[in-house]
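Here is a walk through a protein model for someone meeting it for the first time. Please keep the sequence and the 3D view open as you read.

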Amino acid sequence: SCHLTHRFICLYPVYINSKKTLAEGRRIPSEKAVENPSCAEIRDVLTAAGMNVYVENKMHPREWNRDVQFRGRVRVQLKQEDGSLCQEKFTSRKEVMVYVAEMIPKLKTRTQKSGGGDTSSQQGEGGKKSKKKKK
């Protein structure tokens, strides 16, 4: 599996979390980082960028928060079998991290949220329930 790890990089959300310190595992400058990113958001951004991504349910050694949002790590394929880059713009893990942190705030799930909580999904469910009552 050595060749696998060479082609795939590992990203933990903590690497690009502006709420974390370098001691807690942040890997990019805080001004480039994003507030509390999740594996799903990292996956969405990189999938949209055409990258081969999958999420593993592994904890970061320094991440003591057992919240599901912070659980997991993201595997990203940087290189093909023959060693060529999957995407020219991503040559290193740092470039991937900076790109993801830049793109996450632009995700629809982020721009629609006005003041925390997943209100949008709850409203959707509520709407369905009210329709059933009318029948």
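Asparagine 17 sits in the loop between β1 and α2; helices (H or I, at least four residues) and strands (E, at least two) are DSSP runs, numbered from the N terminus. At 1% relative accessibility, asparagine 17 counts as buried, where buried means under 20% relative accessible area, exposed over 50%, and partly exposed in between, with a 1.4 Å probe and protein chains only. A polar atom of the asparagine 17 side chain lies 3.0 Å from the backbone nitrogen of asparagine 36.

Before going further, please note that this is a predicted model, in which local features need pLDDT of at least 70 and side-chain atom pairs count only at pLDDT 80 or more, while totals for chains, interfaces and linings use all residues. Residues are numbered from 1 along each chain as its sequence is written, and side-chain values use heavy atoms, with hydrogens and water left out.

Now turn to asparagine 36, which is also found in the loop between β1 and α2. Asparagine 36 is partly exposed, with a relative accessible area of 25%. Its backbone deserves a look: asparagine 36 has a positive phi of about 45° although it is not a glycine. Most residues other than glycine have a negative phi.

Let us step back to the whole chain. There are 5 helices and 3 strands, and read along the sequence they follow the pattern α-β-α-β-β-α-α-α. Of the 135 residues, 34% count as buried. The chain exposes about 8600 Å², and carbon and sulfur atoms supply 50% of that area; accessible areas come from the Shrake-Rupley method with a 1.4 Å probe, and for residues only the protein chains shown count as cover. Among the contacts (heavy atoms within 4.5 Å) with a separation of 6 or more, residues 24 or more positions apart account for 62%.

The strands β1 and β3 run antiparallel and are joined by 4 bridges; two strands pair if DSSP finds at least two bridges between them. Across this pairing, cysteine 10 stands opposite arginine 75 in β3.

Strand β3 also holds arginine 73. Is arginine 73 buried or exposed? It is buried, with a relative accessible area of 14%.

Next comes the nonpolar core, a set of buried Ala, Val, Leu, Ile, Met, Phe, Trp, Tyr and Cys residues joined through side-chain atoms within 4.5 Å. Of the 27 residues in the largest such core, Leu11, Ile16, Leu46 and Val100 touch the most other members. At least two residues each come from β1 (8–11), α2 (39–48), β3 (73–77) and α3 (93–103), and α3 gives the largest share, 5 residues. Leaving out residues up to four places away in sequence, leucine 46 touches Leu11, Met51, Val53, Val76, Phe90, Val96, Tyr99 and Val100. In α3, Val96, Met97, Tyr99, Val100 and Ala101 are buried, and the buried residues of this helix pack against β1 and α2.

Finally, consider the cysteines. How many disulfides does the structure hold? There are 0, a disulfide being a pair of cysteine sulfur atoms within 2.5 Å. Cysteine 39 is buried, at 5% relative accessibility, and its sulfur is 9.7 Å from the closest cysteine sulfur, in cysteine 10, which is too far for a bond. Cysteine 86, in the loop between β3 and α3, is partly exposed at 25% relative accessibility. Setting aside neighbours within four places in sequence, cysteine 86 is in contact with Met51, Gln77, Leu78, Lys79 and Gln80. Cysteine 86 and arginine 7 are 79 residues apart in sequence and 9.5 Å apart in space, C-alpha to C-alpha.

Terms used:
A polar contact is a pair of N or O atoms within 3.5 Å; within protein, one must be able to donate a hydrogen and the other to accept it, and residues adjacent in sequence count only if both atoms are side-chain atoms.
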